[in-house]
Amino acid sequence: MDHPHIHYTPTPLLLDNLKTYIMNKPLSSFLTLCFLVLVYHTLISNATGRSLIDGILLPTQKNEQPYRTGYHFQPPSNWMNDPNGPMLYQGVYHFFYQYNPYAATFGTIVWGHAVSYDLVNWIHLDPAIYPTQEADINSCWSGSATILPGNIPAMLYTGSDSNSRQVQDLAWPKNLSDPFLREWVKYAGNPIITPPAGVKDDCFRDPSTAWLGPDGVWRIVVGGDRDNNGMAFLYQSTDFVNWTRYEQPLASADATGSWECPELFPVPLNSTNGLDTSAYSGNVMHVMKAGFEGHDWYTIGTYSPDRENFLPQNGLKLSGSTLDLRYDYGQFYASKSFYDDSKNRRVLWAWVPETDSQEDDIEKGWAGLQSFPRAIWIDGSGKQLIQWPVEEIESLRGNEVKLQNKKLTSGTVVEIQGVTASQADVTISFKLEDLKEAEVLDTSSSVDPQVLCTERGASSKGAFGPFGVLAMASKDLKEQTAIFFRVFQNQNGRYSVLMCSDLSRSTVRSNIDTTSFGAFVDIDPRYNEISLRNLIDHSIIESFGAGGKTCTTSRIYPKFLTYEDAHLFAFNNGTQSVKISQMSAWSMKNAEFVIDQTVKSAA
Ligand SMILES: OC[C@H]1O[C@@](CO)(OC[C@@]2(OC[C@@]3(O[C@H]4O[C@H](CO)[C@@H](O)[C@H](O)[C@H]4O)O[C@H](CO)[C@@H](O)[C@@H]3O)O[C@H](CO)[C@@H](O)[C@@H]2O)[C@@H](O)[C@@H]1O
């Protein structure tokens with residue numbers, strides 16, 4: 001198969017700033033422009049070996065591409081879905097992803113590949129794994145990396161074979177002394193695992209990172225289902241090539257449909273650190289995660305390699321109906337994590353799909369984003385995970401705008417000026433007092449937070465709340481995405497905090513999915529301030545409530561096209577006053593996305 005053609009597209013923000021500058025100051029801008037062009041040309045040429053002229057001529061700039069991101073990972077063009085095989089090898093982060101190099105729609109999938117030294121700035125390489133064998137001739141679907149003894153990365157992935165059967169395949173790097181691991185070799189005996197009896201050929205995929213038990217046996221889970229009951233099939237191997245299925249799946253749940261991208265990994269208690277997937281000791285819990293019904297679900301429990309079982313804590317069953325733990329309550333799917341031993345942390349990635357139409361995607365020439373990498377650890381309570389953007393993101397922060405002890409009385413909307421509202425990192429904390437006026441919510445029967453957020457959006461006045469931020473808002477507020485909180489008390493006087501992403505007014509365009517998201521945040525508003533962080537990046541907002549206890553990721557497509565027209569506000573639409581105890585907002589610089597000089601397809 002030929003390598004796909006990759007176009008170089010320069011970062012949109014810089015070019016647009018240049019344009020505006022020239023228009024406003026035509027005379028004095030000439031010399032500045034020459035200087036900037038020279039600097040930019042030198043930088044880009046050095047980084048990519050390609051000329052800026054190529055970039056200027058490409059018809060992909062801002063007004064035509066208002067939804068491309070500044071610092072969220074995306075390939076230069078075409079379709080991207082799941083993250084695959086993230087890992088650190090010889091000081092280089094590797095990121096692979098499901099990629100259709102020929103169209104902005106799902107199709108024959110290859111493994112796109114990019115590398116980074118900091119998880120922020122990326123070098124695009126040629127696709128690493130693409131259909132060549134009968135065992136993957138229809139597509140190379142999702143899979144995971146395992147670093148074998150001797151520091152040898154091995155990649156397990158799903159091949160869609162010549163009969164569209166889902167089988168598991170093995171590949172490894174051709175040249176271990178190349179830190180970029182540009183070339184990959186497949187095991188000639190692929191497939192190494194085929195669907196078990198009773199499992200449909202198209203319901204068996206996505207091998208996990210392997211873990212090594214104390215008995216020296218490797219284990220993986222593979223997603224699938226039997227009779228629509230989702231499960232994580234467990235396989236064992238002593239040589240990484242020959243795999244035997246263990247009789248019992250490691251986890252399962254009724255009527256969920258096929259499980260996708262299952263993962264099992266350890267988390268140390270009372271620590272923000274991560275652990276290698278094979279780590280196993282007394283002070284460790286395990287996370288079992290699977291994708292189904294369009295969401296990534298997880299539960300925390302105890303894994304025993306001796307008994308070869310996983311027991312969810314509190315006896316909860318892993319199922320969409322009985323367990324409401326989700327990584328993210330918005331657009332966030334097919335996630336994959338890896339252990340970063342350079343910083344002793346576990347890092348999580350996920351596919352953030354488009355919510356516009358397929359026609360829009362074809363017109364844009366691309367579809368799919370990745371969440372910004374998140375560090376992930378277990379909360380002090382042991383009941384849930386915490387997620388937080390990796391600290392390296394702070395290298396992109398520009399000027400900081402601060403606000404302290406600002407009272408927001410009922411109906412206040414205050415603009416946060418001085419930041420690039422379309423590309424920002426905003427943290428804000430709210431302090432509430434005298435909560436006895438909080439709205440009463442009957443919790444005697446179960447309450448669906450997403451329904452609550454839909455029924456009581458940002459314009460629905462409560463007592464304490466809605467209060468929060470209006471992001472990617474037009475000046476006249478006709479377009480706005482509200483990320484907000486609302487505090488309730490129940491019939492027994494217990495308080496609960498609801499976090500919502502209200503997308504109902506995120507765009508005046510039609511054919512966009514503007515479903516709102518929401519979830520409860522496990523904090524007591526009597527004793528805790530309520531914090532919110534938003535990573536805003538053109539068409540994506542990643543929201544982290546209460547330091548990463550509750551997360552919602554939204555895709556937004558406002559119609560206003562000039563991103564200098566984007567505005568950011570804090571608001572309080574409750575009858576009760578709230579206080580912003582602290583707010584910091586930063587304009588975010590563009591991350592660097594360059595194409596490696598060796599990429600054959602761009603030559
Ligand atoms: O790339 C294959 C790998 O991706 C996974 C997990 O994302 O399987 C995705 C799957 O379908 C992709 C497809 O959309 C459908 O599934 C999505 C997520 O599961 C849903 O969000 C979407 O609503 C579904 O339509 O994406 C295309 C457009 O959205 C659509 O044409 C696809 O069906 O790929 C498999 C083959 O299509 C299908 O069985 C999966 O659901 C992972 O499991 C794969 O390894």
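**Entry 1: T553**

I began with T553, which counts as buried at 0% relative accessibility, where buried means under 20% relative accessible area, exposed over 50% and partly exposed in between, with a 1.4 Å probe and protein chains only. This is a predicted model, so I kept in mind that local features need pLDDT of at least 70 and that side-chain atom pairs count only at pLDDT 80 or more, whereas totals for chains, interfaces and linings use all residues. Residues are numbered from 1 along each chain as its sequence is written, and side-chain values use heavy atoms, with hydrogens and water left out.

I placed T553 in strand 35 (residues 550-555), strands being DSSP runs of E with at least two residues and helices runs of H or I with at least four, numbered from the N terminus. I then looked up D328, whose C-alpha atom is separated by 6.8 Å from that of T553, although the two residues are 225 residues apart along the chain.

**Entry 2: the ligand**

Which residues come nearest to the ligand? I found D82, Q98, R205, D206 and E260, out of 13 residues around it, a residue being near if one of its heavy atoms lies within 4 Å. By class, the shell divides into six nonpolar, three polar and four charged residues; here Ala, Val, Leu, Ile, Met, Phe, Trp, Tyr, Cys and Pro count as nonpolar, Asp, Glu, Lys and Arg as charged, and the others, Gly among them, as polar.

The distance is 2.9 Å for N81, 2.8 Å for D82 and 2.7 Å for Q98. Taken alone the ligand exposes 740 Å², of which the protein buries 62%, the areas coming from the Shrake-Rupley method with a 1.4 Å probe. Two or more residues of the shell come from each of strand 1 (78-89), strand 5 (139-148) and strand 19 (333-340), and strand 1 gives the most, with three residues.

I returned to Q98, which is found in strand 2 and is buried, with a relative accessible area of 1%. Q98 and H113 are 15 residues apart in sequence, and I noted 9.2 Å between their C-alpha atoms.

**Entry 3: aromatic pairs and charges over rings**

How many aromatic pairs does a search of the whole structure find? It finds 34, with rings of Phe, Tyr and Trp (its six-membered ring) pairing if their centres lie within 6.5 Å, and with planes under 30 degrees apart counted as stacked, over 60 as edge-to-face and the rest as tilted. I examined F95 and W349, a stacked pair at 3.9 Å centre to centre with 25 degrees between the planes. This pair links distant parts of the chain, since F95 is in strand 2 (residues 92-100) and W349 in strand 20 (residues 345-352), 254 residues apart. Both F95 and W349 are buried.

I then turned to F96 and W111, a tilted pair at 5.6 Å centre to centre with 50 degrees between the planes. F96 in strand 2 and W111 in strand 3 (residues 110-116) are 15 residues apart, and F96 and W111 are both buried. I also traced a cluster in which ring pairs link F73, F95, Y97, Y99, W122, W349 and F593.

For charges over rings I used the criterion that NZ of Lys or CZ of Arg is within 6 Å of the ring centre and within 35 degrees of the ring normal. R68 lies over the face of W366, at 5.5 Å from the ring centre, and the charged end of R397 sits over the ring of W586, 3.6 Å from its centre.

**Entry 4: backbone geometry**

The peptide bond from N190 to P191 is cis, with omega near 5 degrees, and P191 lies in the loop between strand 8 (184-186) and strand 9 (204-205). G465 and P466 are likewise joined by a cis peptide bond, with omega about 5 degrees, and I found P466 in the loop between helix 5 (449-455) and strand 29 (467-473).

E293, which is not a glycine, has a positive phi of about 50 degrees; E293 lies in the loop between strand 16 (284-292) and strand 17 (295-304) and counts as partly exposed at 49% relative accessibility. Phi of E308 is also positive, near 55 degrees. I placed E308 in the loop between strand 17 and strand 18 (309-312), and E308 is buried, with a relative accessible area of 6%.

Note on methods:
A polar contact is a pair of N or O atoms within 3.5 Å; within protein, one must be able to donate a hydrogen and the other to accept it, and residues adjacent in sequence count only if both atoms are side-chain atoms.
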